[in-house]
Amino acid sequence: MTLLAINIGNVAMQVFYLILSLSILVILHEFGHYITAKWFKCRVEKFYLFFDPWFSLVKKKVGDTEYGIGWLPLGGYVKISGMIDESMDKEAMQLPPKDYEFRSKPAWQRLIIMLGGIIVNVLLAFVIYAMVLFVWGSQKTPNASVKNGIWIQDSLLYKLKLQNGDNIVSINGKPIVYFEDIQKNLLSAKTVTINRAGVQSDIEMPQDLVGQLVENKPKSGMLLMERLPTYVGEIDQKDTSFMGQKNGLQTLDKVISIDSVPVTYFDEMQAALSTKKNQKVNLQILRKGDTLNLQASVNEDGKVGIPPLTPMQYDSLGAFKIETKKYSFFEAIPAGTSMAINKLADYVGQFKLILNPKTGAYKGLGGFKAIGSIFPTQWGDWQTFWLLTGFLSIALAFMNLLPIPALDGGHVLFTLYEMITRRKPSEKFLEYAQVVGMVLLLVLMVYANGNDWFGWGRSH
């Protein structure tokens, strides 16, 4: 079902994946605090998935702890007795400390409790990436094997003097080993070295590249991909509703011209069809060595119904190579750990770009809508789901470690101060700091989600 150009089925699937992913991350993050608090004999009053202002959807008390699900899906929490947190329970803090309270424990125990959630998120990322490699292995495209060069997906790259067919050799002087590394490295690029028709040259990138990409409002987050020859992917000849089948196309046909205009790659075919919307065209194709002519209808989007091949099919045709690697259980553990560390480094790099106003990266700061949009739109793509969940687990760990009051990192900072100076911050100071931190986080959340929907950070 499509409503106002929004595919309701696709959006519903992304919402499902988003909620499932965040639920896993929140429950396990809070479990890290819960289990360490229990370990040091603190009383845990509440353990909640999602927040529960005024009422909860489900709750059940077991022993001293109330377990429940709130209605506001912005995170979750554990309420530990004697701790200044988002509940701001000032009355309890005015009573004499009790042995089971957080504030009665030694500083080193409180430090471990506050780091518990972050540690669990890091360990979870290690496990997720290791299991993804164990179950699915890895597939990478050696950059040197991409013989047809790049296919630009974001029009801004044309303005920066890149062209379809360019081979990107290095970025900032560092050779590109795998094609998949190009996009993330482009975001912080100062100089891009290309090979164009056998001639190597350098292209200078603007400092505000990320800001310009955000302003350009691309339809997808993809900047470029491998340049693909015009082969026809899988077409079910029994599906008479499919446009490619109606136009007489068959799997592994190769389009060689459109209305006598030669085409070799999809970008050339795309350009030729863009002027033929809602018209008929003559497709000249190669089929099993024979040259055929087909009268094909072009839809309003400039398409004739040609699906792409699979990556392995492009590999067999020599367009590029797919390097596939399988991992045993014990091989996957160190490989998954390394993968998580690399993802953390990538995220820290992106965070630095956001903090530098000159890059304009703050314009792309997003909230739940942006996060949800990166999840699959179809049921069953569990590899992508777990890869994204692993990345979000690393991001959640890093963000919670930031020294902002109301985050775990803020509590860690104050506890470290106490351990170093032997002076504990007053409870009144901690209360004020908690309020300031909560206000900062609320402002940031409102801005990020407002930027998602209304583009507050962009030029209009």
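Analyst: The chain contains 14 helices and 18 strands; here helices (H or I, at least four residues) and strands (E, at least two) are DSSP runs, numbered from the N terminus. The model is a predicted one, in which local features need pLDDT of at least 70 and side-chain atom pairs count only at pLDDT 80 or more, whereas totals for chains, interfaces and linings use all residues. Residues are numbered from 1 along each chain as its sequence is written, and side-chain values use heavy atoms, with hydrogens and water left out.

Along the principal axes, the C-alpha atoms of the chain fill a box of roughly 90 × 50 × 50 Å. Of its 460 residues, 42% are buried, where buried means under 20% relative accessible area, exposed over 50%, and partly exposed in between (1.4 Å probe, protein chains only). Among the contacts (heavy atoms within 4.5 Å) with a separation of 6 or more, 64% join residues 24 or more positions apart.

Two packed helices are described by the angle between their axes and the distance between the axes. In what follows, axes are lines fitted to C-alpha atoms, for helices over the stretch in contact, and angles run from 0 to 180 degrees between N-to-C directions.

Consider α13 (residues 408–421) as a partner: its axis and that of α3 come within 9 Å and cross at roughly 160 degrees. The two helices are therefore roughly antiparallel, given that angles under 35 degrees count as roughly parallel, over 145 as roughly antiparallel, 65 to 115 as roughly perpendicular and the rest as oblique. The crossing is left-handed; a crossing is so called if the near helix is turned anticlockwise from the far one by less than a right angle, and right-handed if clockwise. From α3, the contact draws on A107, W108, R110, L111, M114, L115 and I118, and from α13 on D408, H411, V412, T415, L416, E418 and M419. These residues comprise nine nonpolar, two polar and three charged, with Ala, Val, Leu, Ile, Met, Phe, Trp, Tyr, Cys and Pro counted as nonpolar, Asp, Glu, Lys and Arg as charged, and the others, Gly among them, as polar.

W108 belongs to α3 and is partly exposed, its relative accessible area being 46%. Apart from neighbours within four places in sequence, W108 contacts F40 and M419. The C-alpha atom of W108 lies 28 Å from that of I24, a residue 84 positions away along the chain.

A125, F126, Y129, A130, M131, L133 and F134 of α3 meet F329, A332, I333, A335, G336, T337, M339, A340, I341 and K343 of α10. In composition, this contact has 14 nonpolar, two polar and one charged residue.

The nonpolar interior of the chain provides the wider setting. In soluble globular proteins, nonpolar side chains tend to be buried together. A nonpolar core is a set of buried Ala, Val, Leu, Ile, Met, Phe, Trp, Tyr and Cys residues joined through side-chain atoms within 4.5 Å. The largest one has 48 residues, of which I168, L224, I258 and L283 touch the most other members. Helix α8 (residues 266–273) gives the most to this core, namely four residues. A separate second core of 14 residues includes A37, V78, I80 and I113.

Within α8, the buried residues are F266, D267, M269, A272 and L273, and they pack against β8 (150–152), β14 (254–258), β16 and α9 (311–317). Beyond its neighbours up to four places away in sequence, I258 touches V263, M269, A272, L273, V281, N282 and L283.

Two loop residues complete the account. W54, in the loop between β3 (44–51) and β4 (58–62), has a positive phi near 75 degrees although it is a residue other than glycine; W54 is exposed, at 81% relative accessible area. K288, between β16 (280–287) and β17 (290–297), likewise is not a glycine and has a positive phi of about 55 degrees. K288 also counts as exposed, with 81% relative accessibility.
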